[in-house]
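The entries follow the order in which I turned to each part.

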Amino acid sequence: MYYIPGLTMTRSLLFLLVVLAIGFSSCNSCKENKKLSKEFDIPDSLKEDNPIPISSAVIDNMIGNIASPIETAAVIKGLNIGFNKDLIAKTDYADNFNTNFHKALGLGMYGCDLGYLNMYGKTSLVIDYISTIRNLADGIQVGQFFDFSTLKRLATNNENIDSLVLISQQSMTRIDTYLRENNRSNLSIVIVAGVWIEGLYITSMVSQESGHKRMREAVGEQKEIINLLMPLLNHYKKDPNMAKLIKDFEGIKVLYHEVKITSEVGEPTAVEENGVLTIKSNDIQTIDISDETLAKIIDKVKEIRLKLLKG
Amino acid sequence: MKNKFLIFAVFLFFLGFSGTAFAQTEDELVEICGMIAKEATYLKDFKIRLDAGDPPPLQRFSVILKKDIKYRFSVCNSKDLEGKVILELFDNNRLIATTYVIATGKDFPSIDFICQKTGAYHLSFKFKDGKPGLAVGLLSLVETL
């Protein structure tokens, strides 16, 4: 039988354990510092002729969830419109993304496609997209925020789709946060632009194919979004790649002048049911878009999206 | 007695080894908030860290909400600081929803918002009575209408 030595020995053991604990904690800090210093080896601010970055707080206030692949896909799925594989960008196009700018743009576009795939639970296709996204994320030194191994496991085993959506979204949020907090907001905005154009493409194509009134409105309501996105892009217009993107998006924006959006403010009502408070805004928003304008927007979006995919 | 002392020592060892596990991180709060949001689909999280102040300091964010979608806003406080977060949703300067109803003094860990107008909305977070706090707000999608 093993007996614990005397109190003095126990105290010695306690001392040893505390020393070990401090030692382990210090080692962890060392690792983190090492990792951080590695991440900062090649700051984009030194490699590119960037303007003064917009502060993280300002971007937080402006960007929000300016382009969300989940909402776009949820609206489409909510209308019982089936999944269409032909709407998402083929991963072969990723070879065309060679600069940081284009990698960020591709990251946004494929991130949007991933949201669409996830919402429909198309796990067999997901792996190809998460591999492509990881490569693009690595290319702009943010791969560590994309939880590739968990996503691959969830997709391979066809596990919980909710977790797949959650981790995909969180990975994209972490990339975005990291870029903004490290004076790389220019790339964060390019990712947002990528998500937006791909989301608008999917929405446009679904609108064209289904003819559904809500999808038509979904195309029209992007007038609100492009009006918020353009000032963010314009802040970096000195970058030649950004200038080209702005020119392309201006071609879409001008078509939106013909879309009329009117709103009537309603009085919100609140209902508490089973401990959940639900507030309804009671606003009335009307989105008026003619067949001709819709067709022009769809054609333009197709053209710009293909151009961007070709690099 | 000696056994108890040893157990206490081992406890102290793990406390020292994983000191951070006892202070809630923002990522842990996001996870807890996700549980509060239940079956809704995660869209975005907002990390709130504010000092004490009078009037209570605010942290603001903008979000784009889309027509005909029911959203859920959930909040979760860190147990390490005393502040209890209040979320307020504004359309321009018009308060349209909050997790703390002054009239009843009732706090809601999550509220649902049925959006009927696509556009930019503003989220404002503060801690009750201007106490210092750490919290997370979560925006998630409940359903399309």
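**Loops and backbone angles**

I began with Asp129(B), which lies in the loop between β9 (119-127) and β10 of chain B. I noted before going further that this is a predicted model. The phi of Asp129(B) is near 60°, which is a positive value in a residue other than glycine. Is Asp129(B) buried or exposed? I found 11 C-beta neighbours inside 10 Å, and because a residue with 12 or fewer is taken as exposed, Asp129(B) counts as exposed.

I then turned to Asn80(A), which sits in the loop between α4 (69-78) and α5 (100-119) of chain A. Its phi is also a positive value, near 60°, in a residue other than glycine. Asn80(A) has 8 C-beta neighbours inside 10 Å and therefore counts as exposed.

Next I checked the loop between β1 and β2 (59-65) of chain B, where Pro55(B) lies. The peptide bond leading from Asp54(B) to Pro55(B) is cis, and its omega is near 5°.

**Chain B as a whole**

I looked up the overall make-up of chain B and found two helices and ten strands. Of the 145 residues of chain B, 43% count as buried. When I took the contacts in chain B with a separation of 6 or more, residues 24 or more positions apart accounted for 82% of them.

**Helix α2 of chain B**

Which residues of helix α2 (residues 26-36) of chain B are buried? I listed Leu29(B), Val30(B), Cys33(B) and Gly34(B). They cover an arc of only 145° around the axis, so they are on the same side of α2(B). I then asked what these buried residues pack against, and found α8 of chain A together with β1 (41-50), β3 (69-77) and β10 (133-144) of chain B. Just after α2(B), I noted that Lys38(B) takes a positive phi of about 55°.

**A buried strand residue**

I picked out Val85(B), which is found in strand β4 (residues 85-91) of chain B. It counts as buried because it has 24 C-beta neighbours inside 10 Å. Leaving aside neighbours within four places in sequence, I found Val85(B) in contact with Ile48(B), Val75(B), Asn77(B), Phe125(B), Phe127(B), Gly133(B) and Ala135(B). I also looked up the pair Val85(B) and Ser110(B), which are 25 residues apart in sequence and 12 Å apart in space, C-alpha to C-alpha.

**Two helix pairs in chain A**

For helix α9 (residues 185-210) and helix α10 (residues 213-220) of chain A, the angle is about 150° and the axes are 8 Å apart. That makes α9(A) roughly antiparallel to α10(A), and their crossing is left-handed. The residues of this contact divide into four nonpolar, four polar and one charged.

Note on methods:
Residues numbered from 1 in each chain as written. Chains lettered and ligands numbered in written order. Predicted model: local features only at pLDDT ≥ 70, side-chain atom pairs only at ≥ 80, totals over all residues. Helix = DSSP H or I, 4+ residues; strand = E, 2+ residues; numbered from the N terminus. Buried ≥ 20, exposed ≤ 12 C-beta atoms within 10 Å, placed from the backbone. Contact = placed C-beta atoms within 7 Å. Arc of directions from axis to C-beta. Axes fitted to C-alpha atoms, helices over the stretch in contact; angles between N-to-C directions. Parallel < 35°, antiparallel > 145°, perpendicular 65-115°, else oblique. Left-handed = near helix turned anticlockwise from the far one by under 90°. Nonpolar A, V, L, I, M, F, W, Y, C, P; charged D, E, K, R; others polar.
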